[in-house]
Amino acid sequence: MNSLPASGVEIIVKQTDKAVAAVDVKASSGDVLVNRFDVNFNKRPWLYIANLIITDGTISKTVAVTKSTSTEITVATSYTVRVDGLSILIPKDTTKTLTIKVDAVVGMPEGDTTEDITV
């Protein structure tokens, strides 16, 4: 995990392109082509996130976060959204930072005013 963005990022309803986490990926014995990236959540992501973006700063891929694009791993506690088709090349002996960004939903679920989500 990269130290930026720091944990505890706050996202407000309707906010877009907000970095919430990042991962450093190092290619040591040869070039690495990253084609997919899974992001895990501890809540139903489609209730709070409209879009999920994975970027290396040059290449970005966005996926709409819906119930059908989210996989429930453990009922009510573990969900995964997969971003396919990245094609991010990491040359041998280099490190790239892949940043996870989100667009917030337009409105919170009825009765919710705040929610803590772990990515």
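**The ring pair and beyond**

Reply: Search the whole structure and you get one aromatic pair (rings of Phe, Tyr and Trp, the last by its six-membered ring, with centres within 6.5 Å). It's Trp46 with Tyr79, sitting edge-to-face at 5.6 Å centre to centre and 85° between the planes; planes over 60 degrees apart count as edge-to-face, under 30 as stacked and the rest as tilted. Before going on: this is a predicted model, where local features need pLDDT of at least 70 and side-chain atom pairs 80 or more, while totals for chains, interfaces and linings use all residues. Numbering runs from 1 along each chain as its sequence is written, and side-chain values use heavy atoms, leaving out hydrogens and water.

Strands here are DSSP runs of E, at least two residues, numbered from the N terminus. Buried or exposed, what is Tyr79? Tyr79 is buried, at 1% relative accessible area, whereas Trp46 is partly exposed at 21% (buried is under 20%, exposed over 50%, partly exposed in between, with a 1.4 Å probe and protein chains only).

Pairing takes at least two DSSP bridges. Leu52 has Val63 in E4 as its bridge partner. Four residues sit between the strands of this hairpin, and Gly57 takes a positive phi near 100° there. E3 also pairs antiparallel with E7 (residues 94-104), over six bridges, and Ile54 stands opposite Ile100 in E7.

Put together, that's an open, antiparallel sheet of four strands, ordered E1-E7-E3-E4. The edges are E1 (18-27) and E4, each pairing on one side only.

Last stop, the largest pocket, with a volume of about 710 Å³ (probe spheres set on joined grid points fill that space). A pocket is an open set of points on a 1 Å grid where a 1.4 Å probe fits, with protein on both sides within 12 Å along at least five of seven lines; lining residues have an atom within 4 Å of a point. It's lined by 28 residues, with Val9, Glu10, Ile11, Glu115 and Ile117 nearest the centre. E1 and E7 are the elements giving two or more residues to that lining, and E1 gives the most, with three.
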